[in-house]
Each structure stands twice: as structure tokens, then as C-alpha cells.
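Colleague: Can you put the model up on screen? I have a few quick questions.

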Amino acid sequence: MKDNIAIKVDHIDKTFKLPHEKNTSIKSSVVNFYKHKKGYEKQQALKDVTFEINKGEFFGIVGKNGSGKSTLLKILAGIYRPDKGNLLVNGKLVPFIELGVGFSPELSGRDNVFLNGSLLGFSRNEMKAMYNDIVAFAELERFMDQKLKNYSSGMQVRLAFSIAIRTQSDILLLDEVLAVGDEAFQRKSEDFFNRIKKDKNKTVVLVSHSMESIKKYCTQAILIDNGKIIKRGNPEDVANAYSEQNFDAKDINVNKNKIKPKIRIVPLTKSIVTSKDVFSFKVDFKHPKTKLKVYLAYNIIDLKRGGIPYDSGLFVVRPDDDNVYNLPLTLFNNGDYRVNASIRVGTKDNVIAFTDENSGHVFLIRNKYVKKGLNNDYGLLQRLQ
Amino acid sequence: MLKRVFSKQNRVLLAELVRTDFKLRYQDSVLGYIWSLLRPLLIFVILYVVFVKFLKVGDGVPYYAQYLLFGIVVWNFFVEMTMQSLGSVVGRGDLIRKISIPRWIIVLSTSLAALINLGLNLIIILIFILIGHVPITGSVVLVPFYLLEIYIFALGVSFFLSAAFVKYRDISYIWEVFLQAGFYITPILYPLSKITNVLFQKIILLNPIAQALQDARYAMITKVTTIPQTVFKGGWHEYIPFMIVVLVFFGGSAYFKKQSKHFAEDI
């Protein structure tokens, strides 16, 4: 194996046998044997997965629930054996599938640190060398002689997390454990991950649903669906592909429903757009056809950052208007936005129909950044490129 | 292979698991570790009163009290070790599903905890032997060998049971019945000489525990006891218990090794 490779996954297959009913007694296996029933169903969790992770990389694995990403992580950790294919790991690997595995509530914090260390393959002396650092990072110096059961849940998680990231391993596997502790602790962890990202000797594999973390920390990422890698490459693209996938899956826009609300937003362009696009939509409603004036108003809500970036104000609509509107998005940064509309009749206070969470329409702006580091979507408006 | 099995990393983990187990055992009890000596002592007193004073089962066997206590200790060790090991893999399911530690370490640490208990019990026995003025001969050096034989046998059984229990939860009930039967067909409470049929004596002594127990009693406590050598009259049958031990150990380990690959999925 080349020296600069930390993990090499070579054509790995994994199939699970899922028992139909509780099949853990001798009787049921005898019965099934005579009935020629299998008593289980096969489910292929990973299909021919191949990739390499270089040393020093911060590698992200994303995918929907049940896509096989946790199975993959467990194979990397050596917990599951692949049915087919090879796995090569170069260096000391420490897995954190879950925080605080093996913690014993009856033992003191100190004993738990050492117990956890030995479970991860560190000797007592090695742990002694790391002990102060771990405790200091967790900020639990005063509590180490207390029993773990007397810790608050936040303290327990902080201790577990500190063990996870302060042990001296070459490769760290993390499953969805980035945001723990209070705000100050999270900021500290964030700093730590930013430093680790630059560390050329430490490799991190991160499984996460938070595309923010993936974009922020990862240098490489893969998207898994149905046991296969469907996208690999820079974390931006992978995270965007994942968002798109979920956008279809979640079906946030109930517009497609058969039940027709009084008013709804019908998109005329794609729902995932870039800042260069113009988002067009039609406000579909039944015009009351009265002699009174009918007012329409629509606005955009920023779902991620909050607030209303745009409001059209009231304007009069006539029965034969097509009510199609265009939103140029030039200045808008990445984000999730919802278009809402309302109808008033006669006076400006008399609202007769409005869209809600379901009948409004959500669209996403997902820009592809050519240069890394340009993606700074904290703000609503972006720097023009 | 042994070098890999007992690598530094595995030794550390084993020590830590045993230490934790022991620490947790007498949590929140006032007397703490003293209980591990006090408990067998109190049980011995009960047994002594019932079997030596009331029932007089061991009439004719010198030092019957020590003889009886030793039998109970050895049998209890076997019961404790196999019963605890049986549930150990399933009980540590959280570790197995989330960390890749060698699976056999879990069984081994459970067995060592039982072994430590056996050691403590033997201290009590030793005290009784000294109090009772049992004449100690040179053959006492054989006792550790017989105890090792029982340990290896129990370890083979433990490996098999703990792995089988992952798939078949019936095992725990079956094994309980097995142990109950074993308790009565092993000469623990009664001297083997009470069974007058030689064929039955032979069958009973094929059981490695019965054989090792009788041999160890012969070596340590009294010569007035039935041992395989006299029953089998030097035939090759005498070695069947040892063969069973070897067979059970390797069979149990092999089964465990094969099954352990899928523990994380099956639990």
C-alpha cells in the first residue's frame, strides 16, 4: 500500500440477514428448517464500494437514513466484517460510533477515562500521558473523582467527546457527534476541528447529516445511496447533491397534492436554482370577481437565517391577470427560501386567503463555487463574483 | 498466534475489564471486598451444620468437612463461570456493536473474575485445612494442575455457551437444567463410595469435573476417596476426561471464533 493512504476500501459488499420474526429460539429454527422456510430476508447494505482516503484528509460520508453509511463506518471501524472485498487501514484507528460507549455510571470520571482508553486500545501509561489534556479540554477537573452517574448529561457528553478527540490516534472515525455541549464548548470543538483539518498527519472520517459541518471541515466527501457511492469529490458538490436528494424525498411542497388550497404558489422554474437564475412562479387562486378591489401581496421568507428579505407590498389584481412573477436572484446567497402570498378584498386588512407552510413554495439557492473558500453563506446577500 | 492473542493492547484491556468488574461487584456495600470472603464462609457454616452434623453423609471419610467444602467451592466456580460467561457477550452488546475489541476478551475477563473468586474461596479452605489439622503431603502440588484442568474445561464450555446464546436464547434455560443435573451426578455432597455399582462409578468419573475433583481431594485432603486410577484400574479409559477437556476447549473456541464474526449483527 502506498504510504500516503490511510484507508483503502476495495470492492466491499455487505449483506444482512434480517430475521422475519423473533427467530432466536431453537424451536423456531427447527420449525423453519422443516418448513423449508428461510426465516430471514437478505438486505444488501453495501454494493461494491471502493474508495481511498489519503492521510491528512478530512473525509465526509453523507447519505439518507438507511443508505448504508453507518454500515460503511462500522466496516471501517472493524465492527462488521465485509462479505466480499478488502479493507486496509494504515495507522491507529479510533472509532466513535457513539459517544461514551462502555461508560459505567458507577465508576468515577477518572476510572471511566482509563476504561474507555483501554477499550480503544491505549495502555494505562499512554492514557496517563493524555489524561490531563482530556480532562482540561472537557473542563471537568473538579469532577473527576465523582461517580459518572452524578454528572449532568452535558458533562458526560463533554467527557466522552474529549476522549474521542484528544486521544492520540492517526485516524478518527466520527458518527454524527460534532455538536455537543454548550455554546462555548461547541466553539472550542469547532476550533479544534479547524486545526485538525490542517494537520497533515491526522485523518478524520465524519458521517453527518449536517451539510454545514461537511462543507466547513471536509476536504473530500462521498454521497451514498442504496449502498452505492453515487457522488464523490469536493464537499460542496456532494453536500449539494445530498440536499437535492432530500428535497425530492421530503416533498416539502405539497403543491403537488390533489387537494387544491384556495391559494397556492406554482413554480415555473426549477426549485433548486443558482444566483444566476431567475425564479419564476405563478400565484394560483380563484379571483373573487367582486366590484371591490382585490389586492395581492407576496413575500420571501429566509428559512435558514430567518427574516423576510423581500415583500412586494399590496397591489391590485384583475380577474384576467396571469399573476406570474419573476425574482432575479443575483444578490442572494445560498439558502432555503419560501414564497408566500396573500389575497385581500376591499380593505387592506381583509385577508381572505393566504399560503401557509404547506401551500407556500420552497426553493433552494445552491451556487457552485469554482474556487474554494468563496462559500460564505452566513449572510443573506453574497459578494458579487 | 499466542503472541497476537496476548499482545500488550489485549492484556491492558483484559486487566481493565477485570478490574472494573471487581470494582463494581461490591459497589455500595458497607463491607465491600470483605464480602467475597465472608459469603463463602457463611455458606460453609450452613453446609457444615446440615451435612456433617445433621445428616452425617460423610461418615467414614476423614476430614469430611474440608472434603465437602472443597467440592462445593469447585462446583460453584464452574457454575459461576459458565453462567456469567453465557450472558457476557449479549450483556456487552453495546461494546460489541460500537467498538472493535477482540470478542473473546469479554469471555476471558468474565472467566478471570470467577477465577479470582475461586482463589479467595481457596484461601478460606486453606484456613479450614489448617484449623482441622489435615496432614499435608507433597502431592498437594498436583492440585493447581487439576484446577487448571477444570478452568480450561469451563472456558471451552463458556466459549460455546456465550456464542450460542447470541443466536439461541433458550440456551440459558437448558444450561440451568444441565447444571442442576450435573450437581447431583457429580460427587460433591456425597462420597463416590456411596455408589456401589462400579459401572456407575466409571460413568460418573468420565465427567472431567468429577475426575479432577476426586483427584484433587485425593492429593490434598484425604486418601480415603475414590479416584479414577482405582476405578479404571489403570486402563486407557482413565484418560477420557482429559480428552473431553481438550475436545471441549478446542471445539468451543472454534465455534466461538466462527460465530464472533457476526456478533455485531446478531445481537
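Colleague: In which sense do β3(A) and β8(A) pair?
Modeller: β3(A) and β8(A) pair in the parallel sense, over five bridges. Two strands pair if DSSP finds at least two bridges between them. Strands here are DSSP runs of E, at least two residues, and helices are runs of H or I, at least four residues, numbered from the N terminus. This is a predicted model: local features need pLDDT of at least 70, side-chain atom pairs count only at pLDDT 80 or more, and totals for chains, interfaces and linings use all residues. Residues are numbered from 1 along each chain as its sequence is written, and chains are lettered from A and ligands numbered from 1 in the order in which they are written.

Colleague: Which residue in β8(A) is the bridge partner of Gly60(A)?
Modeller: Ala221(A).

Colleague: And how many bridges join β3(A) to β7(A)?
Modeller: Four, and these strands run parallel. β7(A) covers residues 203-207. In that strand, Val204(A) is the bridge partner of Phe58(A).

Colleague: How many residues of β3(A) are buried?
Modeller: Six of the six, so the strand, residues 58-63, is largely enclosed by the rest of the structure. Buried means that 20 or more other C-beta atoms lie within 10 Å of the residue's own; exposed means 12 or fewer, and partly exposed is in between, with C-beta atoms placed from the backbone.

Colleague: Which residues sit on each face of β3(A)?
Modeller: Phe58(A), Gly60(A) and Val62(A) are on one side. Phe59(A), Ile61(A) and Gly63(A) are on the other. Both faces are covered.

Colleague: New topic. How many residues of chain A are in contact with chain B?
Modeller: 24 residues of chain A, meeting 23 of chain B. Contact means that the C-beta atoms of two residues, placed from the backbone, lie within 7 Å.

Colleague: Which element of chain A gives the largest share of that side?
Modeller: Helix α3(A), residues 109-119, with four residues. By class, the side of chain A that touches chain B has 12 nonpolar, eight polar and four charged residues. Ala, Val, Leu, Ile, Met, Phe, Trp, Tyr, Cys and Pro count as nonpolar, Asp, Glu, Lys and Arg as charged, and the others, Gly among them, as polar.

Colleague: Why is α3(A) largely enclosed?
Modeller: Because 10 of its 11 residues are buried. Among them are Phe114(A), Leu115(A) and Leu119(A).

Colleague: What do the buried residues of α3(A) pack against?
Modeller: In chain A, α4 (124-138) and α5 (153-166). In chain B, α2 (8-25) and α5 (93-98). After α3(A) comes Gly121(A), whose phi is positive, near 95°.

Colleague: Which non-glycine residues have a positive phi?
Modeller: His11(A) is one of them, with phi near 50°. His11(A) is in strand β1(A), residues 5-19, and is exposed, with 12 other C-beta atoms within 10 Å. Glu139(A) also has a positive phi, about 55°. Glu139(A) is in the loop between α4 and α5 of chain A and is partly exposed, with 16 other C-beta atoms within 10 Å.

Colleague: Now the sheet with β12(A). What is its strand order?
Modeller: β10-β12-β16 in chain A, an open sheet of three strands with antiparallel pairing. β10 (263-267) and β16 (324-328) stand at the edges with a single partner strand each, so one side of each is left without a neighbour in the sheet. Five bridges join β12(A), residues 278-285, to β16(A).

Colleague: Where is Phe281(A)?
Modeller: In strand β12 of chain A. Phe281(A) counts as buried, with 22 C-beta neighbours inside 10 Å. Its bridge partner in β16(A) is Tyr325(A). Leaving aside neighbours within four places in sequence, the contacts of Phe281(A) include Ile265(A), Val339(A) and His361(A).

Colleague: Last one. What is the mean pLDDT of chain A?
Modeller: 84, and 90% of its residues reach 70 or more. pLDDT is the predictor's confidence in each residue, from 0 to 100. Confidence is lowest in helix α1(A), residues 26-34, at a mean of 74, and highest in β8(A), residues 220-225, at 93. Over residues 249-261 of chain A the pLDDT is below 50.
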